[in-house]
Amino acid sequence: MAQNEIVDFVAEILREDIGRGDIFTLLGLNQNATAKIYAKEDGVLSGCIYADALASLCDIHVQWHKHDSQSFAKGEILASVQGNVSQILLIERCFLNLLQHSSGIATLTQQFKLALDDDKILLLDTRKTRPLLRVFEKYSVRNGGGCNHRFGLDDCMMIKDTHRAQLGNLKDAIEHIRAQCWTLCIEVESETFKQFCEAVDCGADIVMCDNMDIEQIRRCVAYRNTYAPHVRIEASGGIGLHNIANYRNLGIDALSVGAIIHHAVFIDMSMKMEPF
């Protein structure tokens with residue numbers, strides 16, 4: 001997300017919270033103050049560039065003691081903020097929400113990466129994101145060590161089961177698309193070994209093994225290695241912390257796991273104002 005888009009995004013977040021104005025400002029407190037952001041549990045920090053943009057809207061200075069992608073422990077000070085006391089209190093909840101949400105995704109992503117323990121396999125997110133938060137949530141995945149799958153329908157063509165049900169001949173469809181957009185990456189979802197082989201033979205760049213068991217995936221890898229070693233294999237479906245280690249050393253290129261976003265929960269943090 002470009003910087004101007006980040007500023008617009010956080011400004012809208014702040015507008016939602018302020019409404020017609022923060023009633024606390026009626027007290028007229030204008031002294032400068034310092035507050036600290038504390039971690040109330042372990043995690044991976046994410047959201048700093050968004051929090052910085054939010055703070056700058058209210059002329060608040062942030063000193064980071066931890067940065068995006070860095071791990072932290074319960075009780076650590078993550079940041080110190082300085083500025084007008086009313087302005088600090090104005091952004092408090094939005095500032096924390098950004099960090100807690102983003103850090104929750106980064107933390108869970110790192111947990112999946114550690115459980116997988118295979119640097120040859122990319123850990124991908126999916127398009128299962130909250131409405132209008134896709135760029136923010138995918139940024140959070142990167143801070144946890146994950147890699148982004150496509151951002152939308154315009155940056156990669158994926159032919160899923162719902163598409164295939166409406167297609168006549170898969171090969172004709174792929175050739176038709178390539179004739180109009182030669183550089184486009186085309187991914188085809190497959191649910192069986194037979195579908196996988198068909199997708200490879202029809203010229204897909206990436207073939208997804210969707211909800212296949214480990215032995216089926218091994219067969220797919222062997223077929224790819226023999227007949228089309230340039231084709232990349234992505235596995236997806238039913239992958240959690242409890243079984244992700246089963247996908248090590250299979251020879252696949254990527255795992256896509258929607259849960260790293262939609263199962264993530266806020267990492268608890270708090271802001272504490274230093275006494276006046």
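Predicted model: local features only at pLDDT ≥ 70, side-chain atom pairs only at ≥ 80, totals over all residues.
Figure 1. The chain holds 9 helices and 12 strands, and its C-alpha trace spans about 70 × 40 × 25 Å along the principal axes.

**Figure 2. Surface and charge.** Of the 276 residues in the protein chain, 49% count as buried. The chain exposes about 14,200 Å², with carbon and sulfur atoms supplying 52% of that area. As for charge, there are 27 positive and 36 negative side chains, and the centres of the two sets sit 3 Å apart.

**Figure 3. The open parallel sheet.** Six strands line up here in the order E6-E11-E10-E9-E8-E7, with parallel pairing. Strand E6 (122-124) and strand E7 (157-159) take the edges; each has a single partner strand, so one side of each is left without a neighbour in the sheet. On average, neighbouring strands of this sheet are turned by 25° against each other, direction ignored.

**Figure 4. Zooming in on E9 and E10, with a helix packed on the sheet.** Strand E9 (residues 206-210) and strand E10 (residues 232-236) run parallel and are joined by 5 bridges. Look for Met 208, which stands opposite Glu 234 in E10. Helix H8 (residues 214-227) packs on the sheet and touches both E9 and E10. The direction of H8 makes about 170° with that of E10.

Definitions and conventions. Residues numbered from 1 in each chain as written. Heavy atoms only, no water. Helix = DSSP H or I, 4+ residues; strand = E, 2+ residues; numbered from the N terminus. Buried < 20%, exposed > 50% of the residue type's maximum accessible area, 1.4 Å probe, protein only. Areas by Shrake-Rupley, 256 points an atom, 1.4 Å probe, with all protein chains shown as cover. Lys, Arg positive; Asp, Glu negative; His and termini not counted. Charge placed at Lys NZ, Arg CZ, Asp CG, Glu CD. Pairing = 2+ DSSP bridges. Axes fitted to C-alpha atoms, helices over the stretch in contact; angles between N-to-C directions. Contact = heavy atoms within 4.5 Å.
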